[in-house]
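Subject: Structure for you, with notes on cavities and rings

Hello,

Here is the structure you will be working with. My notes follow below it.

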Amino acid sequence: MVKNEEKNLARSLGSIAGVVDDIVVVDTGSTDKTKAIAAGFGARIYDFPWQEDFSAPRNFAIEQTDADWILFLDADEFFAAKPAIKEFLSSQQKLPDAYMVMRRNQEDGQDKDAGLGTDWCCRLFRRARELRYQGIIHEQLTRADGGICIANLPKEIYLWHTGYQHGLIEEKLRRNLKLLEKDSREKGETPHHWLHMIDCYFGLGDYQRAYQYALKVRQSELEIFNNEAHLYHMLIESMRQLKLPAQDMLPYAEEALQKYPTMPEFHGEKGMILCALGELKEARQELETAIVCYQHPERWPAQTGYFTKKSAAVVRARLEELYQLEQEQESKVEQSRITACYIVRNEADNLARSLASIKGQYDDLIVVDTGSTDTTKAVAQEYQARLYDFTWQDDFAVARNYALDQVKTEWVLFLDADEYLRPDSPSNLHDLVARAGNYEVLLLAMQNIEPTSDEVLMEFWAPRCYRYRQERRYVGAIHEELRDNGAVIESVVRVAPEEIMLIHTGYAAAVSKEKATRNLLLLHKAMEQEAEPQRLYRYLAEAYDGIGDQKSAEAWALRDVAQGRQPVVYASASYRLLLRYYAQSEQQENRYILAANAVREFPEVPEFHAELAECLASMEKWAEAEQQADLAERTYVNRTGAEPVMFTDEMLDTLRQRRKTWQENISIGNDEVLSVLRRAQQEKSGQYPQKLLTALADNVPQLTRALLALEREQTSAVQALLGRGEKLLPAAMAQVWAAYRGLQGVLPSADGYGLMLKEALVYGDESQRQRFLQLSLQMTTAEVYQAAEAAFQEELWEEAFRMYETIPADAPEVTAEFWHHAGICLYHLRESAAAIECLQRAQALGCRNRSIPAYIQWSQELSHD
């Protein structure tokens, strides 16, 4: 099939003269000497109007012959030597429908050793009614029943192809693309169209579209017979031209090698990618393998290849560089050299301030710009940065990792443009890394400030300085985290804020809502894509909080809290958010439960101790509140760990004032009451001084504690004191005490019982608590339930549950709250299955307490321990 092929046709026909029995030439409109040349070789010539369909003239040509086998060549293809096709066919016992022939591609007139690579094309096939071409462009021989059988001719029988002449290739590609677009519009776009569009776009230098269509083909179920290796090549090279991260290219090279391990091109591709990733030893091994494979073409599969003599020269040159690098590596590496890295977009003012603050404290500077339209790039260039343009992909980790791909030093300082080194920081970064010992990551102290007022919003430690490792990369499209092969890095050390302090202005009130709105879109997208979406729960809570959606923020925060403490910086974020909500809405029970849990999970955080102190004070547990306040002060003064601290000196002053009030409320403690009683006993008159009587009678809770303490002592002197003390009780409480002591059989009234029970539960021993609780069984079911609730509030889980068990199942007190609290008791008693059942009953009865999902989660985890 020809049109104006006078430069090529004679060479092609000459290469098969004497090999074939008949020659059919279908001409689609030649205006040069093409027909005359064909006639000179004895060809039968047919005119066929061009219809913008390559299959039509090919199928027409097939119909003009009655030969058993058809050798169908393009005019720009020729055999270098007479092909022994007949001899080969006669030697085969079983013949397929068609044969693929290897082509060696080259520009016309070019040295044959410097070709453009090889491919395989179907050029020899049976003449059969069911075999015809399909497709208006890049037409394929197909069988009507779909079961075509194709084999490969020996590599000794190969074609030269000169169709890639530099002056004609662009014209051909644009023609082909036009035909493909036309066919896809008329018949509907298919993966076959995408496959050939990749070739066109790649050849025309439109790498973005080539990349997009390559991904579409990979996601389809298209079976590619002899061109799959070429697809991998175009995909990887398009990514390289688009400057996509090297680590994103690596999986495709490895996948290609799994399928085609003897093809030198993919060892070369992988080697070059590993060079970009800094894995120089592995890169050298792959490039050496590429050369070995190149020297054994007999092992290459029947796939399109592009590794040529020129390719081999490039690989050998890179190997020489690697050999040189390996020899010089030890002498060139300076252990404390630091590369400062930034990813930026329209951050001119911030970047200038940040770079000025660290001037002289780094050895190399990398700035990755994701689309600035201001003077950001000029600022970077002013500081002699290595500046890279990078297409934003809605993925912060990808952008950060692209910057890391460029690092050449042992240490990295990775800052955001809105972060800068506080001017009064005395330590130098080079000194810090020199003193790092075996630690991998330095956690630098950082303060979030409100730039309009310089108010410190939060102080914490962030992993901003670390050793460069090939396996050390960021994960997560948003709120990215530094990991080693996906694992949390454990070798970290905190740098004291007195040595170095970073300032962060990115959470100013003016921009917080805008950031939260942007982050929500990225977070929900990441939730669908990330392997560990649960790490995003706290960030979703923060983002919803930022836009004022408290209900959604609370839901995500509870999911985060249910996971337990996570090994990340600022793992306490969800606790802080929930405690703020519960304090504002006066959900005292939830606030207390969460604060107690926060103290257990984060004992190093002073504000959690302060929060629990306030909860205890609201419950009039003055001694316990004072104890937590003391812990808050001590953990604030002696800070440990990397969790952010929002506690301030002003907060500490306020807490100290609160402690004084709580200490006054404690007033007379047990020892003091005993002292009063003993002093009264020593009075010669045997009468109590009025002052002492008043002190005890007006402080019934303290008197009850004293009586409990006296009861535990068995000496006769103390028992005498006990009798005197009992007489100080008001009448109703004296009856409760008498019933408790067994001095009367039946409790005549429940008046005063609740107050005395509360003191017994806190200050009594186990026997005293049980005896006081047993008194409630003489009362109504409602009062039994109140006794159980009192034990529950004091976290006496076993005692509370025993009381819950005594309440009949049909009692009106058996509500959703009943099952909720019974479930919490069972959780603490490590009865996980029963706990889950109770908590689920609470939910079924309509309880929407937000702690239930957390307790169910914890119970499930407990059952797996």
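Helix α21 gives the lining of the largest cavity its largest share, 5 residues. Three helices, α21 (588-601), α32 (781-793) and α34 (816-828), each supply at least two residues of that lining. Helices here are DSSP runs of H or I with at least four residues, strands are E runs of at least two, and both are numbered from the N terminus.

Before the rest, the ground rules. This is a predicted model, in which local features need pLDDT of at least 70 and side-chain atom pairs count only at pLDDT 80 or more, while totals for chains, interfaces and linings use all residues. Residues are numbered from 1 along each chain as its sequence is written, and side-chain values use heavy atoms, with hydrogens and water left out.

**Cavities**

The structure holds 2 cavities of 30 Å³ or more. A cavity is a set of points, on a 1 Å grid over the protein atoms alone, where a 1.4 Å probe fits but cannot get out; lining residues have an atom within 4 Å of a point. Points are joined across faces, edges and corners, and the volume is the space filled by probe spheres set on them.

The largest cavity holds about 120 Å³ of space. Its lining includes Glu589, Tyr592, Ile593, Trp797, His828 and Tyr855. By class, the lining has 7 nonpolar, 2 polar and 3 charged residues. Nonpolar covers Ala, Val, Leu, Ile, Met, Phe, Trp, Tyr, Cys and Pro; charged covers Asp, Glu, Lys and Arg; the others, Gly among them, are polar.

The second largest cavity has a volume of about 100 Å³. It is lined by 12 residues, and Leu558, Ile593, Leu594, Ser851 and Ala854 are the closest to its centre. Two or more lining residues come from each of α19 (550-561), α21 and α36 (852-864). The largest share is again from α21, with 4 residues. This lining splits into 8 nonpolar, 3 polar and 1 charged.

**Aromatic rings**

There are 33 aromatic pairs in the structure. Rings of Phe, Tyr and Trp (its six-membered ring) pair if their centres lie within 6.5 Å; planes under 30 degrees apart are stacked, over 60 edge-to-face, and the rest tilted.

Tyrosine 575 and phenylalanine 602 make an edge-to-face pair, 5.4 Å centre to centre with 75° between the planes. This pair links distant parts of the chain, 27 residues apart: tyrosine 575 is in helix α20 (residues 573-584), and phenylalanine 602 is in the loop between α21 and α22 (606-618). Is tyrosine 575 buried or exposed? Tyrosine 575 counts as buried because its relative accessible area is 2%. Phenylalanine 602 is buried too, at 0%. The cut-offs are under 20% for buried, over 50% for exposed and partly exposed in between (1.4 Å probe, protein chains only).

Ring pairs also join Tyr785, Tyr804, Phe818 and Trp819 into a cluster.

**Charges over rings**

Arginine 494 places its charged end over the ring of tryptophan 461, 4.3 Å from the ring centre. To count, NZ of Lys or CZ of Arg must be within 6 Å of the ring centre and within 35 degrees of the ring normal.

**Whole protein**

The protein has 36 helices and 22 strands. Of its 865 residues, 51% are buried. Among contacts with a separation of 6 or more, 66% join residues 24 or more positions apart. Contact means heavy atoms within 4.5 Å.

Best wishes

Notes
1 Å grid on protein atoms, 1.4 Å probe; cavity = no way out; pocket = protein on both sides within 12 Å on 5 of 7 lines; lining within 4 Å.
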